[in-house]
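Here is a short briefing for a reader new to this structure.

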Amino acid sequence: MPPYVFFEKQFMPLENAKIGVLTHALHYGTACFEGIRGNWDSEQNRICIFRIQDHYKRLLNGCRLLKIELPYSIDDLCQLTIELLNKSGFNEDVYIRPLAYKSSQSIGVRLHGLENELLIVATTLGSYLGKDRVRCCTSSWRRVDDTMIPARGKISGIYVNSALAKTEAEENGFDEAILLSSNGHVSEGSGENIFAVIDGTLITPPSPDNILIGITRNSVIELAKKELGVDTIERSIDRSELYLADECFFTGTATHIAPIIEIDNRTIGTGDIGKITGDLQKLYNKVIKGSNPKYNKWYTFFSP
Ligand SMILES: Cc1ncc(COP(=O)(O)O)c(C=O)c1O
């Protein structure tokens with residue numbers, strides 16, 4: 001079956017969906033998006049779409065920040081997504097990318113007085129960082145501040161900040177960048193939240209350090225507490241605290257849980273996957289396939 005897309009209020013083959021060259025969002029980054037994973041369970045022959053309602057809640061919050069009015073509720077968006085998967089017939093892991101955007105064919109920087117559209121596309125996506133142990137650098141770029149672009153929205157324009165940091169990191173031989181906030185605290189990766197393990201407790205930066213409030217971050221906090229009895233403290237973290245942490249890892253929908261073994265050419269902990277990181281990875285990788293009824297609130301099942 002050809003991949004389908006929901007575009008300009010209808011479903012169509014991906015190849016037929018075309019954006020006009022004057023589309024406002026293309027020029028000015030006036031859009032927000034989500035990344036949602038559907039995880040294939042070959043035993044049950046079904047896809048578990050993980051925390052789809054939470055992703056669409058964050059998308060609609062982003063729309064409020066950008067004055068994008070859409071005629072869809074969270075339930076409508078979930079329904080459209082299921083319909084899209086139905087038409088596309090995936091029987092493997094899928095990555096769902098909704099994008100709400102300023103669609104007017106119009107020159108002029110602003111948010112008001114413009115038309116809005118929504119598209120949803122689904123594709124396959126393997127391991128995002130492509131490594132099971134990640135080497136990082138501290139970026140020379142600082143994470144956008146809420147006084148510049150609202151960091152709690154997954155806003156397209158913000159990703160120029162992420163792209164600058166990611167390319168700098170890779171061109172310098174690292175796998176990923178860690179961005180500091182403008183006041184010098186650890187914020188997050190270019191597309192992931194970050195955790196440190198210090199003396200058996202998880203530590204992760206709070207919202208005022210301009211993180212995207214990650215859904216994986218939230219899942220990991222809950223799983224750590226309920227399944228491993230490990231607490232999380234949300235507090236500002238200094239760069240050098242990461243160097244001295246027992247373990248560090250990234251979290252994200254695309255990334256899952258990625259162990260960080262090196263930062264700025266310093267070995268973190270033993271230089272291998274730490275105990276708590278490894279336990280969380282095993283738990284998380286099972287839970288996201290829909291295997292644990294305790295977490296039914298996170299699951300939307302779909303059978304092709
Ligand atoms: C900048 C940034 N931070 C954090 C995350 C992690 O968020 P989530 O776990 O909701 O995917 C992402 C990915 O969406 C991201 O792009």
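**Ligand shell**

Helix H5 gives the most to the shell around the ligand, with three residues. Helices (H or I, at least four residues) and strands (E, at least two) are DSSP runs, numbered from the N terminus. This is a predicted model: local features need pLDDT of at least 70, side-chain atom pairs count only at pLDDT 80 or more, and totals for chains, interfaces and linings use all residues. Residues are numbered from 1 along each chain as its sequence is written.

- The ligand is surrounded by 14 residues, and the closest are Leu-212, Gly-214, Ile-215, Thr-216 and Thr-253. A residue counts as near if its C-beta atom, placed from the backbone, lies within 6 Å.
- Helix H5 (215–228) and strand S14 (247–252) are the elements that give two or more residues to this shell.

**Strand S7**

- Strands S6 (residues 94–102) and S7 pair antiparallel over eight bridges; pairing takes at least two DSSP bridges.
- Tyr-101 has Glu-117 in S7 as its bridge partner.
- Strand S1 (residues 4–7) runs antiparallel to S7, joined by three bridges.
- Val-5 stands opposite Val-121 in S7.

**Nonpolar cores**

- The largest nonpolar core has 39 residues, and Cys-32 and Ala-100 have the most contacts inside it. Such a core is a set of buried Ala, Val, Leu, Ile, Met, Phe, Trp, Tyr and Cys residues joined through C-beta atoms within 7 Å; buried means 20 or more other C-beta atoms within 10 Å of a residue's own, all placed from the backbone.
- Domain 1 (4–123) and domain 2 (134–287) both give residues to this core, so it lies between them. Domain bounds come from an automatic or database domain assignment.

Technical notes. A residue is buried if 20 or more other C-beta atoms lie within 10 Å of its own, exposed if 12 or fewer, and partly exposed in between; C-beta atoms are placed from the backbone.
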